[in-house]
Structures are given as C-alpha cells and as structure tokens.
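Could you walk me through this structure in the viewer, one selection at a time? I am new to it and would like to know what to click on next and what is there.

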Amino acid sequence: MNAGELIEVVLPGKVEPEGLQVRQGPLPTAGPGQVVVRMEATGVSFAEQQMRRGRYYDQPPFPFVPGYDLVGTVAATGDGAGPGLVGTRVAALLKVGGWASHVVVDAADLVPVPDGIGAAEAETVVINGITAWQMLHRKARVRAGQTVLVHGANGGVGSVLVQLAQAAGARVIGTASARHHAALRERGVTPIDYRTENIPARVRELTPRGVDAVFDHVGGRSIVDSWSLLAPGGTLVSYGSASTRDDEGSKQWPVLKLLGRVWLWNTLPNRRRAYFFNVWAGRALGRSRFQARLRADLTEVFAALRRGDITAQIAAELPLTQVAEAMRLAESGTVAGKVVLHA
C-alpha cells in the first residue's frame with residue numbers, strides 16, 4: 001500500500017460480503033478542530049453485519065464507508081487541534097467511516113491509548129468495551145456478590161461483559177454454543193447451551209430467586225424470557241435484536257417493539273427495571289458531556305485491559321483489502337472475540 005494514498009471500503013447497497021468495494025483515492029485533510037488518523041486497526045462489529053443488509057436502524061443512505069470504531073496514530077492536525085497530537089496512538093468511536101487507511105476525526109472525539117497496549121488489542125475493546133462498561137456500571141450497577149446472565153458470553157461484547165462482571169465480584173451465567181463451554185468454564189462462567197437447553201429452566205435451577213441483571217442482545221422471544229428471570233430489584237439491559245438480523249421488512253420495527261416492551265415493563269410496580277441500551281443515546285446529555293463520559297469510560301476499559309481484568313480476544317486479523325473474508329468470518333458464528341482489520 002502506498003503511504004500517500006487513501007484505501008477505503010465502500011458499502012454500495014444491500015450486498016453479500018463479496019459486494020464490498022475497495023476504493024483508492026487522495027489522502028483526506030483535516031479541517032479546523034480535526035485530525036487525520038492513520039488507521040492501524042478497525043473491526044467487524046454486529047452493526048456492520050446489519051448495515052450490509054440495510055437493517056441497522058439509523059445507518060446512512062448507501063453508498064458509505066462502514067467501520068464503527070478504530071485505533072490508529074494521528075498523522076496530521078487541522079487548525080486548533082493541537083499539533084502535539086501528531087504521533088500519538090488514539091481510539092475513536094465513529095459509527096461509520098472506520099474502514100479506511102486514513103480517517104478524519106474531530107480531535108474532541110479522540111481517546112488516548114495507553115502505552116503497552118497494541119492497536120489490535122485496543123480495537124477489540126473500543127465499541128465492545130464502552131458498551132459493556134456502560135451497561136454494567138451505568139445501567140445495571142452490578143455489585144460484588146450478585147449473579148448476572150450474559151447472553152452470547154463468547155461474543156465481542158459478551159466476552160468483555162463476562163470479564164468486567166467478574167472483576168466487579170459478580171457470579172456469571174453465560175449462554176453460548178457448546179464448543180465455547182470449555183473456555184467459559186475456565187473463566188469461571190457457568191455455561192448454558194442456547195441451542196439445546198431450556199435457558200429459563202436452567203437459570204431457575206441455578207438461581208431460584210432469579211438473577212440480578214440480564215444482558216440480552218438477542219431480542220425477540222429471548223427478551224421476554226430475560227425479563228421473567230430477574231430477581232426483585234433486578235435489571236434487564238437489552239442492546240440489540242440479533243434474532244431479527246436476517247428478517248425482511250422494517251428495520252425500525254424490532255427496535256420499536258423492544259422500546260414498547262421496555263416502557264411497559266417499567267410502568268409495572270415490581271421493583272425491576274428494563275433498559276434498551278444504545279451508546280449514542282448519551283448524546284442527549286449534550287456533545288461535550290457525551291464525549292467526556294465516553295473518554296472516562298474507555299479510559300477505565302483500557303486500564304482494565306492493562307491490569308489483566310479483561311483480555312483482548314482477537315478472533316483473526318486480516319488486511320482491509322480482505323474485508324469480504326473478514327465479514328464472512330465474523331458472521332460465521334465459529335469464532336470467539338473480534339475480527340480485526342488492519343491497513
């Protein structure tokens with residue numbers, strides 16, 4: 001790759017992974033308050049899997065460059081962005097635009113990556129780590145001695161949730177397919193096979209009084225079961241509708257249905273709470289408060305990574321130009337952790 005040219009991946013419409021287009025062009029320039037980040041690692045998240053199907057609920061119109069987050073080095077700065085940033089390793093949450101060799105980012109959106117953490121390691125815990133941290137500590141407020149249920153305990157967000165919950169002193173029950181059970185047991189998680197076991201019955205067997213928190217990315221029927229498994233004072237955090245990933249029809253409807261259920265449940269006088277978590281909802285606080293909270297939380301996640309409370313789960317690393325293969329791998333359900341792309 002020529003260091004003086006931009007390489008980016010374009011999602012032209014609803015396509016199979018092979019339909020993603022690799023495009024070359026001139027390097028971007030930073031405007032006032034912006035920087036150009038030379039991407040070292042980005043990744044394939046569930047969001048991009050939904051976007052290529054046209055099912056991510058607030059995705060931009062086609063064509064666009066996907067890429068939810070990135071880690072890289074500041075290569076250039078615009079006016080007012082602080083020239084001292086050049087050469088520093090940073091992370092940024094973008095929603096779209098990260099699948100490119102060079103990305104323009106507002107300097108205020110950057111979070112420093114501490115020394116001693118590699119780019120690919122850091123990438124595994126940007127969107128996944130912020131999501132897990134905020135759901136665990138800002139929504140469910142999990143404490144030592146509590147029991148939590150994590151759906152998809154081997155997944156990108158799930159694996160970070162498991163480790164952060166254990167670091168907080170919680171007992172973890174995790175759903176996953178059987179091939180991941182040995183690794184989960186090694187981590188001290190009680191696994192449940194979501195394909196062959198009756199999840200509600202098994203959870204009630206393990207915790208007759210119910211669990212203190214459930215983290216559910218599945219949606220659909222699962223969310224109703226998750227709510228029923230809460231102990232008094234418990235919290236359900238829903239953060240997706242993976243069960244509808246391949247559905248046709250309205251991409252808003254699964255989310256609106258979830259929001260409706262959450263609203264209804266929260267009107268009931270039963271001391272339990274439900275949330276639909278979306279990391280971007282924090283923008284309602286105002287841009288500067290949202291950025292400050294994001295920076296604080298991701299800094300905590302990076303500190304946990306350095307301490308060894310959480311480990312970076314890299315499923316595979318592929319060059320940006322092999323994005324179709326990376327997408328196929330991420331969607332296969334056969335890998336644990338995050339599929340990382342590098343320039």
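Start by selecting strand 8 and strand 11 (residues 211-216): the two pair in the parallel sense, over 3 bridges. Keep in mind as you look around that this is a predicted model. To see the pairing at the level of residues, pick Val150, which stands opposite Phe215 in strand 11.

Leaving aside neighbours within four places in sequence, show its contacts: Trp227, Leu230, Gly234, Thr235, Leu236 and Asn266. For a sense of scale, draw a distance from Arg273 to Asp193: they are 80 residues apart in sequence and 26 Å apart in space, C-alpha to C-alpha.

Go back to helix 3 (residues 127-139) and bring in helix 9 (residues 287-307). Their axes are 9 Å apart and they pack at an angle of about 100 degrees, which means that helix 3 is roughly perpendicular to helix 9. On the helix 3 side, select Gly129, Ile130, Trp133, Gln134 and Arg138; on the helix 9 side, select Arg293, Leu294, Asp297, Leu298, Glu300 and Val301. Coloured by class, this contact shows 5 nonpolar, 2 polar and 4 charged residues.

Now look inside. In soluble globular proteins, nonpolar side chains tend to be buried together. Here the largest nonpolar core has 87 residues, and those with the most contacts inside it are Tyr68, Trp99, Val148, Leu161, Phe215, Val279 and Phe302. Helix 9 gives the most to this core, with 7 residues. Apart from it lies another core, of 17 residues, including Leu149, Ile192, Ile223 and Ala274.

Zoom in on Tyr68. Beyond its neighbours within four places in sequence, its contacts include Met51, Tyr56, Lys95, Ile127, Val279 and Trp280.

From there, move on to Lys95, in the loop between strand 5 (89-93) and strand 6 (102-106). Lys95 has a positive phi of about 80 degrees although it is not a glycine. Is Lys95 buried or exposed? Its relative accessibility is 15%, so Lys95 counts as buried.

Compare that with Arg141, in the loop between helix 3 and strand 8 (147-150). Arg141 also has a positive phi, near 50 degrees, in a residue other than glycine. At 54% relative accessibility, Arg141 counts as exposed.

For the last stop, select Phe62 and Pro63, which are joined by a cis peptide bond with an omega of about -10 degrees. You will find Pro63 in the loop between helix 1 (46-51) and strand 4 (69-77).

Conventions:
Residues are numbered from 1 along each chain as its sequence is written. This is a predicted model: local features need pLDDT of at least 70, side-chain atom pairs count only at pLDDT 80 or more; totals for chains, interfaces and linings use all residues. Side-chain values use heavy atoms; hydrogens and water are left out. Axes are lines fitted to C-alpha atoms, for helices over the stretch in contact, and angles run from 0 to 180 degrees between N-to-C directions. Helices (H or I, at least four residues) and strands (E, at least two) are DSSP runs, numbered from the N terminus. Angles under 35 degrees count as roughly parallel, over 145 as roughly antiparallel, 65 to 115 as roughly perpendicular and the rest as oblique. Contact means heavy atoms within 4.5 Å. Ala, Val, Leu, Ile, Met, Phe, Trp, Tyr, Cys and Pro count as nonpolar, Asp, Glu, Lys and Arg as charged, and the others, Gly among them, as polar. Buried means under 20% relative accessible area, exposed over 50%, partly exposed in between (1.4 Å probe, protein chains only). Two strands pair if DSSP finds at least two bridges between them. A nonpolar core is a set of buried Ala, Val, Leu, Ile, Met, Phe, Trp, Tyr and Cys residues joined through side-chain atoms within 4.5 Å.
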